Amino acid sequence: MSILVIAEHDNSELKQATLSVVAAAKAVGGDIDVLVAGENVGDVAEAAAKIDGVNKVLVADNAVYGHFLGENLGELVAEVGKGYSHIFAAAGTVGKDFMPRVAALLDVAQVSDIMRVESEDTFVRPIYAGNAIATVKSSDAIKVVTVRPTAFDPVAAEGGSASVESLDVVKDAGLSTFVGEELAKSDRPDLASAGIVISGGRGMQNGENFKMLEQIADLLGAAVGASRAAVDAGFVPNDMQVGQTGKIVAPQLYVAVGISGAIQHLAGMSDSKVIVAINKDEEAPIFQVADYGLVADLFQAIPEFEEELKKVI
Amino acid sequence: MKVLVAVKRVIDYNVKVRVKPDNTGVDLANVKMAMNPFCEIAVEEAVRLKEKGVASEIVVVSIGPKACQEQIRTALALGADRGIHIETGEEVQSLEAAKLLKAVVEKEEPKLVILGKQSIDSDNNQTGQMLAALTGMGQGTFASEVVVEGEKVNVTREVDGGLMTVSLSLPAVVTTDLRLNEPRYASLPNIMKAKKKQLDVMSPEDLGVDIAARLSILKVEAPASRQAGVKVADVAELVDKLKNEAKVI
């Protein structure tokens, strides 16, 4: 077996999700190659070559891949990947965008968002927003799979010494062009891979009040998230949404503040190791999954939480 | 321009999902079914394009058993002009759905195809992208804004880091995210009118598409349930537990 892992990166840094996808590939077994597609990705390729367990790094460095357009990546990965038994990518918005194109171009099914590898052709994945867990077997010659990064412990970022090979494959589908982007700038850790996440819900009442959570996040080295209700209400931008259709997180500690715990939210965070809920409604469903629940008005509890944390950190 | 919208009949999003005791799937007997929420957003976007004078005709298509016609009628009541039902009792997976939709695209030649980004039952998030690849179209996935300008469509997409805008040549595929719009409700007169709108029924064989599934579901289980923990009396106790019991700070 041979597995092609598509690296997740931003042209300058390799994302930790890649290490989790390599871990999933290792669970299948066989040679693991990593494809780094982007623009000016020398540093990313170097980092990918150091990943533990990687055989070879393939580099497609061209402006046509610079913005990760699904049409171009789809053609590239279908071409490079057709010699492999498995093609794996992280189930982030880039992987979700181009991987189904790869599957369609290769005329194979895709298995989305796997949480576990049962064997080389059988995978476990959530359906119905995580309310059911399906074991799925693929009968196709090439398994095109997206991986839920939080479900696999990342392999070591160092220790490997893969060869690096440059690919001269330029696929410009000519169907789409990049116009612009508005990316959130933050010094805090990435929400999807942070060890601690503190999230606010509708109970926060407005975007300004999220500053209270940011102060605690900075004390703990945490990322700040939000429920769909808080995003829909316009308190915070969409990239902060945790849940079925937002980001899936599984940190060591998840603190839910003013979040009632709708099923769609629970689908995005219930694999967290320790869950804390702070909510004034003691009937809120979030308490049914919380390890520690505090029934309190968040506007009193959060400043107190900050003071108490300062004493112990 | 003509707009094609694909809609899927799924379990109503308010229904609590129960796994069957024999682990073969989810219990759908006597359960309320509805249009997939992301598909409702797709229909709404098409109707808004028509109201703006950008779209001239909206064709809505659904794949599945006869009961899917309910969801097609709902879309017709919301403002779609005409329906296509690809009737089959078989389970249709994403790749095969994309192939069926491709056959419809070839017949109808729409300028824009709008689909939900995922259905809330199988949660695959594949069909729109597969359709785009099979038809050689560009794709604007996870859309939060769609602006048609001449022979191009600009799509603002919800991506992990924030928002990203791409420009696509028409014809193109758009898949909807939650914040693209807020779907309207159908009015009673429009529900009545929808009953008279044209609805063509065809089979996968009529379209020449093999819908045999490539993925087999070996079992479906309920997720491991999390036990509720303890309630703490105050913030001091919470911090103490986090530090000394859970040891996570």
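Predicted model: local features only at pLDDT ≥ 70, side-chain atom pairs only at ≥ 80, totals over all residues.
Reader: What describes two packed helices?

Author: Two packed helices are described by the angle between their axes and the distance between the axes. Here, take helix H3 (residues 94-108) and helix H4 (residues 127-135) of chain B: their axes come within 8 Å and cross at roughly 50°.

Reader: Are H3(B) and H4(B) oblique or parallel to each other?

Author: Angles under 35 degrees count as roughly parallel. At roughly 50°, H3(B) and H4(B) are therefore oblique. The crossing of H3(B) past H4(B) is right-handed.

Reader: Which residues of H3(B) and H4(B) meet?

Author: On H3(B) they include Leu95(B), Ala98(B), Leu101(B) and Val105(B); on H4(B), Met130(B), Leu131(B) and Leu134(B) are among them. By class, the contact has eight nonpolar, three polar and two charged residues.

Reader: In what order do the strands of the open sheet stand?

Author: Four strands form this sheet in the order E6(A)-E7(A)-E8(A)-E12(B), with antiparallel pairing. Strand E6 (116-119) of chain A and strand E12 (215-221) of chain B are at the edges with a single partner strand each, so one side of each has no neighbour in the sheet. From one strand to the next the twist averages 30°.

Reader: Over how many bridges do E6(A) and E7(A) pair?

Author: E6(A) and E7(A), residues 122-127, pair over three bridges in the antiparallel sense. Val117(A) has Phe123(A) in E7(A) as its bridge partner.

How values were computed. Residues numbered from 1 in each chain as written. Chains lettered and ligands numbered in written order. Pairing = 2+ DSSP bridges. Helix = DSSP H or I, 4+ residues; strand = E, 2+ residues; numbered from the N terminus. Axes fitted to C-alpha atoms, helices over the stretch in contact; angles between N-to-C directions. Parallel < 35°, antiparallel > 145°, perpendicular 65-115°, else oblique. Left-handed = near helix turned anticlockwise from the far one by under 90°. Contact = placed C-beta atoms within 7 Å. Nonpolar A, V, L, I, M, F, W, Y, C, P; charged D, E, K, R; others polar.
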